[in-house]
Amino acid sequence: MSLPREASRLNERRAYYLRPRVAVPGDDTLPRHMFVNGIRKQAIRFHPMHPDSPSWQRDGLPHVWMPYTQHQTAPLPLPVKATNGCRIILEDGRELIDGLSSWWSACHGYNHPHILKALHDQLEKMPHVMFAGLHHEPALTLAKRLCRIAPAGLTRAFYSDSGSTAVEVALKMAAQYWRNKGDKQRTKFLCFRHGYHGDTMGGMSVSDPEGIHQAFGGAYAPMQFSVDLPTDEYGFAEFQNLLDGLHKQMAGVIIEPLVQAAGGFRFHSPDMLAEIHRLCKERGLLFIADEIATGFGRTGLMFACGEAGISPDILCLGKALTGGALPFAVTLATETIFEAFLGEKQEKSFMHGPTYMANPMGCAAALASLDLFEQEPRLAQVETIEQQLRTELAPIRRISGVRDVRVKGAIGVIEWENGMLDLPKLRQRFPECGVWLRPFGNWMYVMPPFTISESELRQLTAALMQTAKEMGA
Ligand SMILES: *Cc1c(COP(=O)(O)O)cnc(C)c1O
């Protein structure tokens, strides 16, 4: 049986690296000669790298599962050979200027010699050792330094290995805090629409159920109270009413301060943040700031909480913590929270412990990253980036179909009307323009490394302008 020619070609285009078709004797849908190592040859031919495509790629692609990717329709991911400074170097030698800092983590650019040296030195001594009953210098020095620069009152660092885990830790800390204090009612969390706190079950339960987790049907959200972020007087009155009615069931509130990132790059003012903090604290809620995206200078100050003059009870950090070098995260807590876990009984201690907790390599990278914030003018660079983004993105506002252009620190966002963005086309266009950007939903955005040069940033904004014109109505 054979498919009509057109249909089968379409199938081949779609199927390339996702459905390795094993050539089984007797399978007459395609002749035997169309298979190489069990993968359809046509599929391989569609590969942009062919015929030089190396075997690791040809043989390996059918075995990986990419994140947030529709394998049936997505174009092939680009093969990266190396990174350097603010550039991503592809296997074919092309260099892309990086506008995303690898999901907002590489704040000093890639391969910074100071971080590389710290990693080499640490690797020689000890790549890893467990962190229970044992401890080591990098973990303790980092804890001390983080507590010194974090918003006032945070004194204890609990290490983990990803942002999502740092959020899980924060939620569990808050939940167990109340149980340890004998309050069994405060079990739920207050969270905000358009919020995003990670892809694990706990993080998902406090993220927007209609956001990127809608594939799970919001099944985990009913565990929590998800509300609109109050923005005006009416919103705050409503918010206060809700708190008054339900706060005794709430262990805490979790918020991305100033910028709700993955949920659509929505900004709110420091005043609003301070008011939300005040209302929640008045009613005893633990205030959890998720600064995994905003922390380490992204919004202008070292931490977004600083702009509102607030100190959270619990602070989650990840992403740029290691300057983008290694997966590592930390949850900071106040001494008051820590003390609620003290007592004679083992069950009162915090019942959580990732295998790779306080990984010395992660600690070494984070320490080196903190050095760079001290030794190099990072926050001044963020300010310069902010000015340049404001100037160069502003004209895009006039393109029809663009709903909003906004900038905060080293974050530039172009929000489009629904359905205006042809994402597959755009994702192909940006590399053609020599830049690495990955729009999603209705958003084109740029979050470059802070070390980016003026001309590199101009190439990013020029690519945004160019593609925006192509997308515009
Ligand atoms: C990215 C992110 C997370 C999740 O971090 P991972 O390292 O991807 O697990 C959580 N919260 C916020 C605000 C984030 O931006």
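Predicted model: local features only at pLDDT ≥ 70, side-chain atom pairs only at ≥ 80, totals over all residues.
Local features need pLDDT of at least 70 and side-chain atom pairs count only at pLDDT 80 or more, while totals for chains, interfaces and linings use all residues. Residue numbers start from 1 along each chain as its sequence is written.

**Close-up 1. Helix α6, residues 137–149, and its buried face.** Helices here are DSSP runs (H or I, at least four residues) and strands are too (E, at least two), numbered from the N terminus. At 1.5 Å times one less than its number of residues, the 13 residues of α6 should span 18 Å, and the end C-alpha atoms sit 19 Å apart, which agrees. P138, A139, L142, A143 and L146 are buried (20 or more other C-beta atoms within 10 Å of a residue's own, with C-beta atoms placed from the backbone; exposed is 12 or fewer, and partly exposed is in between). Looking down the axis of α6, these buried residues fall within an arc of 130° (taken from the directions from the helix axis to the C-beta atoms), so they line one face of the helix. K144 and R148 are exposed, on the face turned away from the buried side.

**Close-up 2. The shell around the ligand.** Count 15 residues here, with G163, S164, G198, I292 and A293 the closest (a residue is near if its C-beta atom, placed from the backbone, lies within 6 Å). Helix α7 (residues 163–180) gives the most, with 3 residues.

**Close-up 3. L457 in helix α16.** L457 is buried, with 23 other C-beta atoms within 10 Å. The C-alpha atom of L457 is 8.3 Å from that of I97, although the two are 360 residues apart along the chain.
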